[in-house]
Amino acid sequence: MIKAVMVMNTQGKPRLAKFYEYLPVEKQQELIRSVFAVLCSRAENVSNFIEAESIFGPDSRLVYKHFATLYFVFVFDSSENELAVLDLIQVFVETLDKCFKNVCELDIVFNYSKMHTILDEIIFGGQVLETSSTEVMKAVEEISKLEAASNAITLIPKSASGWRSR
Amino acid sequence: MGSQGGFYQSKEFLDLVKSIGEARSKAEEDRIVLNEIETLKRRISEPDIPKRKMKEYIIRLVYVEMLGHDASFGYIHAVKMTHDDSLLVKRTGYLAVTLFLNEDHDLIILIVNTIQKDLKSDNYLVVCAALNAVCKLINEETIPAVLPQVVELLGHPKEAVRKKAIMALHRFYQKSPSSVSHLVSNFRKRLCDNDPGVMGATLCPLFDLITIDVNSYKDLVVSFVSILKQVAERRLPKAYDYHQMPAPFIQIKLLKILALLGSGDKQASENMYTVVGDLFRKCDSSSNIGNAVLYECICCVSSIYPNAKLLESAADVISRFLKSDSHNLKYMGIDALGRLIKISPDIAEQHQLAVIDCLEDPDDTLKRKTFELLYKMTKSTNVEVIVDRMIDYMISINDNHYKTEIASRCVELAEQFAPSNQWFIQTMNKVFEHAGDLVNIKVAHNLMRLIAEGFGEDDDSADSQLRSSAVESYLRILGEPKLPSVFLQVICWVLGEYGTADGKFSASYITGKLCDVAEAYSNDETVKAYAVTALMKIYAFEIAARRKVDLLPECQSLMEELLASHSTDLQQRAYELQAVIGLDAHAVECIMPSDASCEDIEVDKGLSFLNGYVEESIEKGAQPYIPESERSGMLNISNFRNQDHHEASSHGLRFEAYELPKPTVQSRIPPASLASTELVPVPEPTYLRESYQTPSVTSVSSDAGSSELKLRLDGVQKKWGKPTYAPATSTSNSTAQKTVNGVTQVEGASSTNSRTRETYDSRKPQVEISPEKQKLAASLFGGSSKTEKRPATGHKTSKASTHMVEKSHVPKSSMEVASEKTAPVQPPPDLLDLGEPTVTSIAPFVDPFKQLEGLLDPTQVGSAAATKSPDIMALYVDTPAGIHNKDDGDLLSGLSNPSVTNMPGGTTTTQQEQRSKGPNPKDSLEKDALVRQMGVNPSSQNPNLFRDLLG
């Protein structure tokens, strides 16, 4: 099962943190900090895996991927396959990219709830729910559509340009 | 695609993010966030907030909490939002509560009702949102409240809902298996769902169920195999393909399940051989996900009933992994090797150099994995090399968690495979010296016991030699500053027991050292106690030997200091020491016999030796003793106080509190449990004192006995180490091990396969393997003796594996060279000359391999072009280092056009932009401009944007 998903930037600022088992806020912060400490001490061109037992307790592995200014970190136990989780990160990022059209760190910061929607379509209660980014996209789009429809107040601008033009 | 990645939030939120991004210090950030919290606190409680605003406030709260600040004042508002009718607001509410609350939070009670209602909603998105909350927020007690609805949803027409309902049920199962045990059959049913996604989701709970109870799911083997077959044959819709692999994640889950089901079950395993074999052939080893499936195949093969052909394919894949340049694949290769080695131990040999490379790799993860592998393959022949390596690494790291782990592994291996006592003690010394505070105290007790008992053979001189070498090494080590407490305890004990035994060191020298220890580590009471007891032993031995004892001044002052110690334990020891010194030789001999730590001490529990005294007292008119159990009003507490009868009767009054039952119970148990487990905590002196102390015997003698007894392990039958350890072989090995092994290797290899050797000789200069590495390889892998068979089987295999075999010669023959090096008969230049003629003939063997590797690259690129995934790799590798210095405004991706750097320029860039951009260039450009405009990105240089993260 997947224990946690974190996205943080190269300065250690958390951009998304989701723990599938409840942890108090302080503990979450501590974990994010210690993960970041490990991540930034890793050289380039080393493996994407880290033994995480000293941070997350027994039977935990950590896989991370570094995209430009962001680290995507998945923590999970022995019931998952490291290489596959690496691809799961890929699926997540692919989906974000499809969703935001050339995703950047800002998109992630400002569309916090959407990030969560996407993640919830991929991982559900700590289990991998869907691994096809097209399927995830379909689901997310449908949610957006229905959200918009159900929401009488559509005062929120749809895009960056919309916001600027106001 | 319809959905847009716009900025839904207001300027305020953007400003918040921006200012946090620009914060120079943590304190500044905290100030900003606290400000924000104040604002939100004020705003959120205002009446009639528009829903849209409310949604934003909640998102801001979530953001604030993610940064580590308390947002609990807003929880109730998040809960309220879940009650809203608008889907958008409701979903935001659910998102916030799942992030804020845990299943035991007080507010959950307010949500359960909403969840119940929402699970019945017509809108499937509402249902999904509710199911999501169910996973996070429902605890054992509230499961029954939502269980019927969730079960009903298993038949929902929307597959997304069915999938999530299964997951929710799985979550319930994880939280409380009993609450859903009657519903487990639903998982089986859903396995046949029309939708592959739902079927895939069902595999997660089934995996858990099968892990717990394999036998009730054996009937599903055939179904799983046929599903896997269909998936591998691309019968699933194209949408499930990922990087040209058909539903790889489902394949992986299925392989995991099959591994469980086939473990130790020949019949079940036979069903799987064909499909797993197919997968080995079909998997695309150039993509990451293909390798993931291959790795899972290896795991499966190593778990199910062994099949020669599959094992061979697995070995092929492993060698491909290990030869890869990717650290990820090497890591997986090492892991897979560790799994396969249990079944075919000789497979490691052909990879020894790769393994050693991994061991020396700068990547810590890989290194640790390799140590894990070495740990698994340790034998009595290679234990010295492996443990030495482990200790070196242990010394080099700071991570206490891993240090502890590796220290305990060293201890375990040393105990199990130690070739000699000497080596064992040296190894333990090293472990204690560098990780003493991290190892279990039992290890120390074990070491003391080993030194006390010797090797268990009837060779007293060897034992005493061992002891004097231990004493010598400890006296040397004592010079080092800051030793761990546990280690000092061992040292004190050994010095006390054997410090003067061989007559090499004088009593005053040893006692001086012990006093130094007690002084240097004056904060550590345990060490002090050990030191005082050791002093007592030394003096007792001196008195018993009829030598004149003169107390060192520092010892005298130490004793005086401890006589007034706050610690009763230290005080008592000091008094005991004082008393022992005053006794005559005969008495001391009785209470402190030399080297008697292994003798059994008979405990006369009935205290029969007191009978005379008791009778005399009764005659004089004393009250006869009534056991506590027979006294009125004492029934309930008396049973565990039996030990104290005598004391109680003689003193009449008890001043001390009732002891806890624990120590007395322990005193009974050890003899029984000791036989089975060799690691037993040394019994605490307290209980001994209790059962021993009697009015007539002087306290000195009883306490002397008890302190002597402190390290006694009654009823110890076992020697140190695990039962697998065979002393006979290892003693013979210990001295001549390396050379003996080396020689046999050379003979074996040269007689069976001289060609191999030529091959190697000629190749050796090309490969350029450092002699140390070869030596290491030889000492690590040299122990196994099944080498002869390998080449024969290898040659028989198909063309595909011939290069493998050829490769496999290299490491093997490197062992020869290494062993030859130890006994330098043939200098390397000779080998080169000998080999020269064969070089040409060998070249074809080398080249195809190189070619193959060369071929792999283009294919990788080719597939990359299609899948675009390696593009990302390239892109982020190419990202200029400058990007790291920039603030979080940096764009993760965007436009890879280099001209963008002149962005502020104006229209020209726009044009270029449009040319180079993908489907919707205007949008991204605007987004970019906006970012700049808002100043979120402080640097004037355009962020390094990389276009099409994935196309």
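Two strands pair if DSSP finds at least two bridges between them. Strands (E, at least two residues) and helices (H or I, at least four) are DSSP runs, numbered from the N terminus. This is a predicted model: local features need pLDDT of at least 70 and side-chain atom pairs count only at pLDDT 80 or more, while totals for chains, interfaces and linings use all residues. Residues are numbered from 1 along each chain as its sequence is written, and chains are lettered from A and ligands numbered from 1 in the order in which they are written.

**The sheet of chain A**

Ala4(A) has Phe19(A) of β2(A) as its bridge partner.

| Strand pair | Sense | Bridges |
|---|---|---|
| β1(A) (residues 2–9) and β2(A) (residues 14–19) | antiparallel | five bridges |
| β3(A) and β4(A) (residues 61–67) | antiparallel | three bridges |

Five strands of chain A form an open sheet, in the order β2-β1-β5-β4-β3, with antiparallel pairing. Its edge strands are β2 and β3 of chain A, each pairing on one side only. Neighbouring strands are turned by 15° against each other on average, direction ignored. Helix α3 of chain A (residues 82–100) lies across β3, β4 and β5 (70–76) of that chain. α3(A) runs at about 40° to β4(A). Axes here are lines fitted to C-alpha atoms, for helices over the stretch in contact, and angles run from 0 to 180 degrees between N-to-C directions.

Chain A has seven helices and seven strands. From the N terminus, its elements run β-β-α-β-α-β-β-α-α-α-β-β-α-α. Of its 166 residues, 62% count as buried. A residue is buried if 20 or more other C-beta atoms lie within 10 Å of its own, exposed if 12 or fewer, and partly exposed in between; C-beta atoms are placed from the backbone.

Helix α20(B) covers residues 364–376. Its 13 residues should span 18 Å at 1.5 Å a residue, and the end C-alpha atoms are 18 Å apart, which agrees. The expected span is 1.5 Å times one less than the number of residues. Buried residues of α20(B) include Asp364(B), Arg368(B), Lys369(B) and Phe371(B). Their cover includes β3 (49–51) of chain A, together with α18, α19, α21 and α22 of chain B.

Helix α25(B) has 18 residues, 460–477, and reaches 25 Å from first C-alpha to last, close to the 26 Å expected. Asp463(B), Leu466(B), Arg467(B), Ala470(B), Val471(B) and Tyr474(B) are buried. Seen down the axis, the buried residues fall within an arc of 135°, so they line one face of α25(B). That arc is taken from the directions from the helix axis to the C-beta atoms. Ser461(B) and Arg476(B), on the other side, are exposed. Cover for the buried residues includes α23, α24 and α26 of chain B.

**The core**

A nonpolar core is a set of buried Ala, Val, Leu, Ile, Met, Phe, Trp, Tyr and Cys residues joined through C-beta atoms within 7 Å. The largest has 272 residues. Val134(B), Ile298(B), Cys410(B), Cys492(B) and Val494(B) have the most contacts inside it. Its largest share, 14 residues, comes from helix α28(B) (residues 525–544). Leaving aside neighbours within four places in sequence, Val134(B) is in contact (C-beta atoms, placed from the backbone, within 7 Å) with Ile115(B), Val146(B), Val150(B) and Ala168(B).

Conventions:
Two residues are in contact if their C-beta atoms, placed from the backbone, lie within 7 Å.
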